[in-house]
Amino acid sequence: MMLVNTDYIAGKELEMLGIVKGSTIQTKNLGRDITQSFKTLVGGELKAYTDMMNQARDLSTERMIEEAKKLGADAIVNIRYSSASIMQGAAEVMAYGTAVCFKK
């Protein structure tokens, strides 16, 4: 499965199949949340949250790909990611794009 954030793939003629998406809501455990809150006092990267968001993007991407495969897609174009805070320490990450197949 080819994944691109452009609306075209050089050298390919595309047939649009439809919008596909994948999402997840991730949270860290309370212990991690407390230790990360101390980090705000001294500054620096919140590594546990960085890891959480990377895992959430990966899972959202996998779910989007599975939805595209069900449509018979060869690729997903114009991929975008969005995130939103659901509650303190929890975030939703969504991946979305357009499933396409290559015209013969």
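Select Lys-69 and Glu-66. These two residues form a salt bridge, with the closest N and O atoms 3.7 Å apart. The term salt bridge here means a side-chain nitrogen of Lys or Arg within 4 Å of a carboxyl oxygen of Asp or Glu. The model is predicted, so local features need pLDDT of at least 70, side-chain atom pairs count only at pLDDT 80 or more, and totals for chains, interfaces and linings use all residues. Residues are numbered from 1 along each chain as its sequence is written, and side-chain values use heavy atoms, with hydrogens and water left out.

Stay on this pair. Lys-69 and Glu-66 sit three residues apart in helix H2, so about one helical turn separates them. Helices (H or I, at least four residues) and strands (E, at least two) are DSSP runs, numbered from the N terminus. Lys-69 is partly exposed, at 47% relative accessible area. Glu-66 is partly exposed too, at 43%. The classes are buried (under 20% relative accessible area), exposed (over 50%) and partly exposed (in between), computed with a 1.4 Å probe on protein chains only.

Next, select Glu-67 and Lys-21. Their salt bridge has its closest N and O atoms 3.3 Å apart. Glu-67 belongs to helix H2 and Lys-21 to strand S2, so the pair ties together parts 46 residues apart in sequence. Glu-67 is partly exposed, with 23% relative accessibility. Lys-21 is also partly exposed, with 41%.

Now select Lys-103 and Glu-13. Their side chains meet in a salt bridge at 3.7 Å, N to O. This pair links distant parts of the chain, 90 residues apart. Lys-103 is in the segment after strand S4 (90–102). Glu-13 is in the loop between strand S1 (2–3) and strand S2 (14–27). Buried or exposed: what is Glu-13? Glu-13 counts as exposed, at 52% relative accessibility. Lys-103 is partly exposed, at 44%.

How many salt bridges does a search of the whole structure find? It finds three. As a general point, side chains of opposite charge can pair when their charged atoms come close.

Last stop: select Ser-60. Look for this residue in helix H2 (residues 47–70). Ser-60 is buried, with a relative accessible area of 0%. Which residues surround the selection? Leave aside neighbours within four places in sequence, and Ser-60 is in contact (heavy atoms within 4.5 Å) with Gly-22, Ser-23, Thr-24, Val-93, Met-94 and Ala-95.
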